[in-house]
Amino acid sequence: MLTTPQIFKRYEEIRPRLPQNQIVKNMRDLTNFTEIMKNAEAFVFDAFGVLNVGDTLIPGADLRLRELRALGFEVRILTNAASHERSHSLNKFLKLGIEILDKEIITSRESAILTLKTGLWGVIAANEDHLKDINVNYLRLGTSPTDYDRVEGFLFLSSSNWTESKQQILKEALLKNNRPVIVANPDLAAPRDNGFSMEPGHFGHLLVDSGIKNVRFLGKPFPEVYDLVEYSLPGIPAHKIVMCGDTLHTDILGALMRGWQTVLVTQDGIYSGFNTKKYCSDSGIYPDWSLAC
């Protein structure tokens with residue numbers, strides 16, 4: 001089973017492939033959102049580890065969003081979860097008890113689909129994903145090497161039914177004929193009810209490790225998904241947007257690169273129970289604030 005130190009170490013190993021930040025060592029402890037409201041107009045929340053852990057709502061997360069809206073702030077949920085189309089994500093949050101408008105959720109899946117060019121794409125997806133939002137010709141990939149050889153590119157949406165043998169088929173197909181690989185979830189891991197799951201980013205970086213160069217990651221911390229958020233918040237300057245996330249190398253790093261304010265949430269996410277100041281020091285990624293609850 002994956003551990004926080006292992007995940008952090010791997011993020012550091014792939015660090016040269018991520019956006020590069022300037023070290024700022026002025027992280028402050030935050031006890032309540034009211035401390036930063038006067039300098040904010042919009043709050044952007046990661047989902048896993050901030051609003052929910054797996055299929056469990058983090059207590060108080062729904063109330064916090066409601067209170068911010070009531071005070072006149074714009075609210076967005078920015079998630080790297082790419083296993084399902086947005087309607088499924090909306091329904092999931094509603095089942096958790098989180099009221100959310102359609103405009104308030106932005107996913108890395110959307111930014112990935114926007115990059116697809118014409119052609120036949122091999123899609124790696126969850127079995128229950130109907131792929132109704134895919135607007136190009138596609139072939140759902142399974143265990144047939146012939147299918148991997150046929151397609152003109154690969155869209156990696158979900159690792160829910162991905163296996164080492166399928167990863168090997170993909171790797172061999174790319175080494176034989178290099179084609180684009182779009183990884184719609186750059187996360188290496190995600191907190192679940194019973195530990196951490198391996199996410200598409202983990203498998204995408206294994207391909208890069210193997211010398212495969214045409215791999216592109218869409219989602220936090222890469223810029224395209226932040227473009228979508230800012231487009232949805234017309235008139236709000238970047239420095240008035242606050243990102244609240246639990247992962248230094250995705251949520252915090254990407255937002256820092258945009259000039260957003262950043263809050264590292266530590267109670268339930270990847271760094272729950274760990275000394276986050278040490279991880280900030282080791283990585284050189286410092287949020288503006290650290291919030292324990």
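The structure described here is a predicted model, in which local features need pLDDT of at least 70 and side-chain atom pairs count only at pLDDT 80 or more, while totals for chains, interfaces and linings use all residues. Residues are numbered from 1 along each chain as its sequence is written, and side-chain values use heavy atoms, with hydrogens and water left out.

The protein chain contains 10 helices and 16 strands; these elements are DSSP runs numbered from the N terminus, helices being H or I with at least four residues and strands E with at least two. A compact globule of 293 residues would have a radius of gyration near 19 Å, and the value of 19 Å for the protein chain therefore agrees. This radius is taken over C-alpha atoms, and the globule rule is 2.2 Å times the number of residues to the power 0.38. The C-alpha trace spans about 55 × 40 × 35 Å along its principal axes.

Of the 293 residues, 56% are buried, where buried means under 20% relative accessible area, exposed over 50%, and partly exposed in between (1.4 Å probe, protein chains only). Among contacts (heavy atoms within 4.5 Å) between residues at least 6 apart in sequence, 70% join residues at least 24 apart. The accessible surface amounts to about 13,000 Å², with 52% belonging to carbon and sulfur atoms; such areas come from the Shrake-Rupley method with a 1.4 Å probe, and for residues only the protein chains shown count as cover.

Helix H9 spans residues 248-258. Eight of its 11 residues are buried, so H9 is largely enclosed by the rest of the structure. The buried residues are Leu 248, His 249, Thr 250, Asp 251, Ile 252, Leu 253, Gly 254 and Ala 255. Their cover includes H1, helix H8 (223-231), strand E14 (241-245), E15 and H10.

In helix H10 (residues 276-283), the buried residues are Thr 276, Tyr 279, Cys 280 and Ser 283. These residues lie on the same side of H10 because they cover an arc of only 100° around the axis, the arc being that of the directions from the helix axis to the C-beta atoms. They pack against helix H1 (4-13), H9, strand E15 (261-265) and strand E16 (289-291).

Leu 155 belongs to strand E9 (residues 153-156) and counts as buried at 0% relative accessibility. Beyond its neighbours within four places in sequence, Leu 155 contacts Ala 112, Leu 116, Trp 121, Gly 122, Val 123, Ile 124, Ile 134 and Ile 182. Ile 124 is 31 residues away from Leu 155 along the chain, yet their C-alpha atoms are separated by 6.2 Å.

Leu 131, in the loop between strand E7 (120-124) and strand E8 (137-140), has a positive phi of about 60° although it is not a glycine. With 2% relative accessibility, Leu 131 counts as buried.

His 202 is located in helix H7 (residues 200-209). Its relative accessibility of 18% counts as buried. Apart from residues up to four places away in sequence, His 202 touches Asp 187 and Leu 188.
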